[in-house]
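Let's take a walk through this structure together. Keep the 3D view open as you read.

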There are 2 protein chains.
Amino acid sequence: MDSNLNDFHLIQTCPDSKARAGELVTPHGVVPTPVFLPVGSQATVKTLTPEELKALGVEMVLANTYHLYLRPGITIIEKMGGLHKFMAWDRAILTDSGGYQIFSLAPLRQVNDDGVIFRSHIDGSQHFITPELIIQFQEGLGADIIMALDECPAHDDSFEKVRAAMTRTHQWAERCQKSQKRNDQALYAIVQGGIFPQLRHQSAEYLTSLGFTGYAIGGLSIGEPKTVTLAMTEETAVLLPADKPRYLMGVGSPEDLIESIARGVDIFDSALPTRVARHGAFFTRLGRVNICNAAYSQMELPVDPDCDCYTCRTFSAAYLHHLFSCEELLAYRLATIHNLTFISNLMQKARSAILDGTFSSFKDNFLASYKPTDEWIRLNQKQKWLNSRNQS
Amino acid sequence: MDSNLNDFHLIQTCPDSKARAGELVTPHGVVPTPVFLPVGSQATVKTLTPEELKALGVEMVLANTYHLYLRPGITIIEKMGGLHKFMAWDRAILTDSGGYQIFSLAPLRQVNDDGVIFRSHIDGSQHFITPELIIQFQEGLGADIIMALDECPAHDDSFEKVRAAMTRTHQWAERCQKSQKRNDQALYAIVQGGIFPQLRHQSAEYLTSLGFTGYAIGGLSIGEPKTVTLAMTEETAVLLPADKPRYLMGVGSPEDLIESIARGVDIFDSALPTRVARHGAFFTRLGRVNICNAAYSQMELPVDPDCDCYTCRTFSAAYLHHLFSCEELLAYRLATIHNLTFISNLMQKARSAILDGTFSSFKDNFLASYKPTDEWIRLNQKQKWLNSRNQS
């Protein structure tokens, strides 16, 4: 690893919380942190062009090795000059190893110490992958940040199951590290350990002893209650080296982002802002609203009058309501632009507040007005989505 | 009608054909003709923003009174400040009366001289509309060009049925004309008469005697063979006044546009370029190609190397193939941008050629290299599409 290409500079820490402002140096530009990565699993952030992503302030996107391995195949992307060129995105990219997808999406998995056999969720074809292969794939894709292969247990698995998955994740992380050939990609390890503080400690201790460029907190935001997610994030973040970036995987609701920034997280990704957008949910500073609600059918104002995104500057809530009623494709795009702008602005404001030393009051003010989506509805929606993914 | 607001200037006629170059003056700008109108039935050209449409050279779009009457309702669009404001489009708009949709899309129609009773294809609700109401609706929407209500028979209906529909169309056109209150909208009549030259003559003669701002050729491109469409277009266009714009409804394949321009048509609309785009068909100067073809899976070049549209400038054919394989929403948008750019460029080139006096060789060159989609496939696809619309 050429460390100059993948430095992390910690610039400021909040005096009242663990919030940090910093910057990630990558071969495709410097990324201010805290940062949120929109999800582009299949080499596209759904509905948007690279130019639109840039215009709304996106500095880095996430793509997924599992998805790209199945379609179009790693070799094709390599032949096309790598993932950046393939998707015409010249800013930073992080590729997830696909561990979570293999363990949540692919049917008929068989895992052993060597690796994992699974069937494609697309055509049922059988595949065997190992930590070494996952690194080879990610070197082929050429993202700026790549992830070790982890075994991701379910949120309600027993202590023993979670411990076994953690141990395997550690062995795999070490093998990933050893098999890395390119020196321009930052490899991050993924801390596992479920909802067991003792395991989180073991996992953080073991992985930091190996010395990675960054550390992810994995195995959270997968169906457990929000209080548990936050408690585990807090528990884990403090165990990670202060001079390395910390990445909380799968977190992306506005309130969770702010709460997790306060606990010392620098990097986030989640499909939530873009996924709920396609179901008509728009973030506002008061909470999530749904444009399909009849109240919007005659509203001449933008859905979020505080917002300066293209969608809110250009169209009335009534027009958006109409597009969603008609299931017009433009609807999904306009909602995605709004939600990603909201999240991008939120992250920028959080960062400014950390730099100004005002993060604590910024957080309190934001959370005082933002009404989170009811937890029961949230988990229920997530479960429905997981079920629909597994059926498709 | 304030004629200054809706003038048509004939600038040049081709010496070797009936092709014309002109300009339409509308309250929302001057539109060079021949012109192709992308279809935005529901107040959106599927997948694109108004800015994108402008960037690719679109001067006027079509929206549909039938669709907008059902959703969101004319009153709502009026309250929102009219159709231009509602869809954030400040260039010209033409609204179709919805005659064709009522007669092709809505189930359980009952037509009499007064008007037509039909059920909504969306929720089955019953509606009664008259020529007067259709004008009132279009005055509420506020398009620059509005269409008289016509009765549109099927392409294989008998002479007697087609004659009866024509006669009713004439009565309705007269009632539309009489009920017009706004003086800033150009009202066009629709010539009917099916595939019967005798009826086309009667229809053109009757409607031109009433004196409309423009004339449409209706009841074509609805399933009859292409040779018949062209023959009827030729037959009808010459019967229409030279100093008025001529609008051929529902025509939009590259070869049909060029052939119909040669027969004296100024204005076209069709969902074809945008609809086939969403099925992966890209126009090129050699003909239509389908990006889903395996040949494109590893092609580093753009799908159309001659093209300067955003899609072809930015992405490889392999990337587009991948997006279509994954049914990614961005796919439909990128293909739409390409096809509308192709048609827009084609119309601009045709116009330049007419102005230069080189249209005849331009036409021959274009048609010599452009291989039209096989007629059998074309009619079959159209029938499938009509069936799927009627089931939904």
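Helices (H or I, at least four residues) and strands (E, at least two) are DSSP runs, numbered from the N terminus. Axes are lines fitted to C-alpha atoms, for helices over the stretch in contact, and angles run from 0 to 180 degrees between N-to-C directions. This is a predicted model, where local features need pLDDT of at least 70 and side-chain atom pairs count only at pLDDT 80 or more, while totals for chains, interfaces and linings use all residues. Residues are numbered from 1 along each chain as its sequence is written, chains are lettered from A and ligands numbered from 1 in the order in which they are written, and side-chain values use heavy atoms, leaving out hydrogens and water.

Start in chain B, where helix α10 (residues 254-261) packs on helix α15 (residues 359-369) at about 155°, with axes 11 Å apart. That makes α10(B) and α15(B) roughly antiparallel (angles over 145 degrees count as that). Among the residues that meet here are B:I258 from α10(B) and B:F362 from α15(B), contact meaning heavy atoms within 4.5 Å. The residues of this contact split into seven nonpolar, no polar and three charged.

Now hop to chain A. Three strands make an open antiparallel sheet there, in the order β7-β8-β9. β7 (110-111) and β9 (126-129) of chain A each have a single partner strand, so one side of each lacks a neighbour in the sheet. Strands pair if DSSP finds at least two bridges between them; β8 (residues 116-119) and β9 of chain A have four.

Finally, how do the chains meet? Each of chain B and chain A gives 41 residues to the contact.

Note on methods. Angles under 35 degrees count as roughly parallel, over 145 as roughly antiparallel, 65 to 115 as roughly perpendicular and the rest as oblique. Ala, Val, Leu, Ile, Met, Phe, Trp, Tyr, Cys and Pro count as nonpolar, Asp, Glu, Lys and Arg as charged, and the others, Gly among them, as polar.
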